[in-house]
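I set out to record what can be looked up in this structure, entry by entry.

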Amino acid sequence: TLSGVSVSVEVDGAPRPPETIERIEPGQTARLPFEVAFPDKGLRELTVRVDARDGLSLDDAVRIAVNVKGELAVLLVNGQASTDPTRDEIHLVRHALAPPGPFASGIRAEVIEPAELETAKLGEYDVVMLCNVPPLGAGAIAAIERFARAGGGVAFFLGSEAGEPAEFNRLFWAE
């Protein structure tokens with residue numbers, strides 16, 4: 001049994017105040033959440049140290065490199081654009097992600113029409129959100145599949161423009 005285990009986190013060598021895990025029984029694990037705010041974008045070193053006093057010093061510290069982004073880039077594909085904000089498919093989500101005003105949310109939201117999807121440079125984004133998009137052609141579907149395979153996030157928000165659910169599923173299902 002270990003008791004009073006001190007856990008500390010360092011960002012670029014700057015320590016944060018340690019937290020304590022009161023007790024860990026043999027064969028058990030313990031979790032201790034830490035919130036870390038990185039001071040700058042770019043590659044940062046994150047170190048977690050445990051003072052376990054278990055005689056196994058080799059596993060008492062873990063270092064990882066973290067690539068901190070300055071902002072999250074989101075591409076919103078507007079399947080039903082409208083000059084009336086209450087009828088526009090992405091008006092509310094765009095303002096929720098990147099609200100207008102003096103304070104930045106850390107999210108850069110850009111909007112395109114479905115016809116632009118096939119030629120859009122999806123690799124410049126972290127997430128693509130398809131909002132009530134009508135059925136897409138093979139080129140657009142291939143672009144989304146490449147983006148997802150490369151680690152990009154894809155969110156689907158279906159609506160009346162998306163067509164029949166069975167057809168939508170058929171287009172995006174890759175066995």
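**Entry 1. The parallel sheet.** I took two strands as paired if DSSP finds at least two bridges between them. The model is a predicted one, and I read every entry below with that in mind. In what order do the four strands of the open sheet stand? I found the order β7-β6-β8-β9, with parallel pairing. I then looked up the edge strands, which are β7 (107–112) and β9 (153–157), each of them pairing on one side only. From one strand to the next, the twist averages 20°.

I next examined the pairing of β6 with β7. Strand β6, residues 72–78, is joined to β7 by six bridges, and the two run parallel. Within this pair, I noted that R108 of β7 stands opposite A73.

I also asked which strands helix α2 lies across. Helix α2, residues 138–149, lies across β8 (127–131) and β9, and its direction makes an angle of about 135° with β9.

**Entry 2. The antiparallel pairs.** I recalled that strands of a sheet pair through backbone hydrogen bonds, either parallel or antiparallel. For β1 and β4 I found the antiparallel sense, with six bridges between them. V9 has V48 as its bridge partner in β4. How many bridges does β4 form with β5? I counted eight, again with antiparallel pairing, β5 being the strand of residues 61–68. Here R44 has V66 of β5 as its bridge partner.

Entry 3. The largest pocket. I looked up the volume of the largest pocket and found about 170 Å³. Its lining consists of L2, V5, V7, I21, I24, A30, L32, F34, V48, V50 and A52. The elements that give two or more residues to this lining are β1 (2–11), β3 (19–24) and β4 (42–51). Which element gives the most? I recorded β1, with three residues. I then sorted the lining by class: 11 residues are nonpolar, none is polar and none is charged. Positive phi values. Most residues other than glycine have a negative phi, and most peptide bonds are trans. D12, which is not a glycine, has a positive phi of about 55°. D12 is found in the loop between β1 and β2 (14–15). N132, also a residue other than glycine, has a positive phi near 55°. N132 is found in the loop between β8 and α2.

Is D12 buried, exposed or partly exposed? I recorded D12 as partly exposed because its relative accessible area is 38%. N132 counts as buried, since its relative accessible area is 2% and the cut-off for buried is under 20%.

Entry 4. I located F168 in helix α3, residues 165–172. Why does F168 count as buried? Its relative accessible area is 12%, and buried means under 20%. Leaving aside neighbours within four places in sequence, I found F168 in contact with F156, L158 and A162. I also took the C-alpha separation of F168 and R53, which is 56 Å for residues 115 apart along the chain.

G159 lies in the loop between β9 and α3. I recorded G159 as partly exposed, with a relative accessible area of 31%. Between the C-alpha atoms of G159 and L56, 103 residues apart along the chain, I found 56 Å.

**Entry 5. The loop between β3 and β4.** I looked up A37 and P26. A37 is found in the loop between β3 and β4, and P26 has its place in the loop between β3 and β4 as well. Are these residues buried or exposed? A37 counts as exposed because its relative accessibility is 58%, and P26 counts as exposed at 61%; the cut-off for exposed is over 50%.

A37 and A61 are 24 residues apart in sequence and 20 Å apart in space. P26 and L2 are 24 residues apart in sequence and 7.9 Å apart in space.

Methods
Residues are numbered from 1 along each chain as its sequence is written. This is a predicted model: local features need pLDDT of at least 70, side-chain atom pairs count only at pLDDT 80 or more; totals for chains, interfaces and linings use all residues. Side-chain values use heavy atoms; hydrogens and water are left out. On a 1 Å grid over the protein atoms alone, a cavity is a set of points where a 1.4 Å probe fits but cannot get out, and a pocket is an open set with protein on both sides within 12 Å along at least five of seven lines; lining residues have an atom within 4 Å of a point. Grid points are joined across faces, edges and corners, and a volume is the space filled by probe spheres set on the points. Ala, Val, Leu, Ile, Met, Phe, Trp, Tyr, Cys and Pro count as nonpolar, Asp, Glu, Lys and Arg as charged, and the others, Gly among them, as polar. Axes are lines fitted to C-alpha atoms, for helices over the stretch in contact, and angles run from 0 to 180 degrees between N-to-C directions. Contact means heavy atoms within 4.5 Å. Buried means under 20% relative accessible area, exposed over 50%, partly exposed in between (1.4 Å probe, protein chains only).
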